[in-house]
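Have the sequence and the 3D view open side by side as you read.

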Amino acid sequence: MSSYGLQNTPQPSPLLEERLAGLASAMADPSRATMLCALMDGRAWTATELSAVVEIAASTASAHLAKLLASGLLVCVSQGRHRYYRLAGSDVAALLETMMGVSMRGVPTPASRTPLALRHARTCYDHLAGELAVGVFAFMQREGWIGEEGSTITDVGKRGLASLGAVLDPHTRRKPCSACLDWSERRFHLGGDAGAALLIAFEKQGWLQRNPGYREVTITPEGKAAFYRVFGIGT
């Protein structure tokens, strides 16, 4: 059999393979994975806070953070005497959310294994996730606010978002919107610039409150009424 086809097939770059392996290695440790999951709340954390979440010594946490920084998964921001760590960007958050979904494959009755508060409404880096967010995404599809695949915003959607006070960034370098697979619901919620704008709008209008240090969000009484009125979602 001729080897012509194999000889002319582009081969992965050794450098790319090494970087991919390095990235996987950085995420492989349970303590580092816990840190990454904690940072999915979209906020910046100190090393002390992260060490408390993982329940490890500060010196051990520093070694883990150094590896995550070197891999490009985290960035460090200095403010005065303090150093804060956060995810390197929305693409890292999307990667983590996808991996959470893959890790839950084959697990029976996933809803029963997920804390109710976390399943209902939580942050996925800078946008809303969980049961509530899945309902919002379904509404937007049904009403033609977004394209069928969830990757485009229609003119109807732009007007709808504007009516909710969600301000889109016309100069954003990220996707205007995207369908983000929700790891607890196994359906899509809204990501991208539109997803981030919606979360900001919901918070500004007092529909929900973010809990510092946690991914869960609290839906206020006003929010419960508003989500039902606007999206037809009972909370």
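Start at Tyr-125, which is buried, with a relative accessible area of 11% (buried means under 20% relative accessible area, exposed over 50%, partly exposed in between, with a 1.4 Å probe and protein chains only). Its backbone is worth a look: Tyr-125 has a positive phi of about 65° although it is not a glycine. For context, most residues other than glycine have a negative phi. You'll find Tyr-125 in the loop between β4 (122-124) and β5 (127-129); strands here are DSSP runs of E with at least two residues, helices are runs of H or I with at least four, and both are numbered from the N terminus.

Before going further, a word on what you're looking at. This is a predicted model, in which local features need pLDDT of at least 70 and side-chain atom pairs count only at pLDDT 80 or more, while totals for chains, interfaces and linings use all residues. Residues are numbered from 1 along each chain as its sequence is written, and side-chain values use heavy atoms, with hydrogens and water left out.

Stay in that β4-β5 loop for a moment, and turn to Asp-126. Its side chain meets that of Arg-174 in a salt bridge, at 2.6 Å from N to O (a salt bridge is a side-chain nitrogen of Lys or Arg within 4 Å of a carboxyl oxygen of Asp or Glu). Arg-174 sits in the loop between α10 (155-163) and β6, so the pair ties together parts that are 48 residues apart in sequence. Arg-174 counts as partly exposed, at 24% relative accessibility.

Arg-122 pairs with Asp-182, and their closest N and O atoms are 2.9 Å apart. Here the link runs from strand β4 to the loop between β6 (178-181) and β7 (188-191), with the two residues 60 apart in the chain. Both Arg-122 and Asp-182 are buried.

How many salt bridges does the structure hold? There are 4. One of them joins the side chains of Glu-131 and Arg-119, at 4.0 Å from N to O. Glu-131 belongs to helix α9 and Arg-119 to helix α8 (residues 116-120), 12 residues apart. Glu-131 is partly exposed, with a relative accessible area of 34%, and Arg-119 is also partly exposed, at 23%.

Leu-132 is buried, at 1% relative accessibility. What does Leu-132 touch, leaving aside its neighbours within four places in sequence? The contacts are His-120, Ala-121, Ile-219, Phe-227, Ile-233 and Thr-235, where contact means heavy atoms within 4.5 Å. Take Ile-233: it lies 101 residues from Leu-132 along the chain, yet their C-alpha atoms are separated by 7.5 Å.

Helix α3 (residues 30-38) and helix α4 (residues 47-54) meet at an angle of about 115°, with their axes 9 Å apart; the axes are lines fitted to C-alpha atoms, for helices over the stretch in contact, and angles run from 0 to 180 degrees between N-to-C directions. From α3 come Ser-31, Thr-34, Met-35 and Ala-38, which meet Leu-50, Val-53 and Val-54 in α4. Sorted by class, that contact has 5 nonpolar, 2 polar and no charged residues.

Glu-55 lies in the loop between α4 and α5 (58-70), and Glu-55 has a positive phi of about 65° although it is not a glycine. Is Glu-55 buried or exposed? Glu-55 is exposed, with a relative accessible area of 71%.

Finish at the sheet. It is an open one of 3 strands in the order β1-β3-β2, with antiparallel pairing (two strands pair if DSSP finds at least two bridges between them). β1 (45-46) and β2 are the edge strands, each pairing on one side only. Helix α5 packs on the sheet, touching β2 and β3, and its direction makes about 115° with that of β2. Between β2 (residues 74-79) and β3 (residues 82-87) there are 6 bridges, and Gln-79 stands opposite His-82 in β3. The hairpin of β2 and β3 has 2 residues between the strands, and Gly-80 takes a positive phi near 65° there.

Terms used. Ala, Val, Leu, Ile, Met, Phe, Trp, Tyr, Cys and Pro count as nonpolar, Asp, Glu, Lys and Arg as charged, and the others, Gly among them, as polar.
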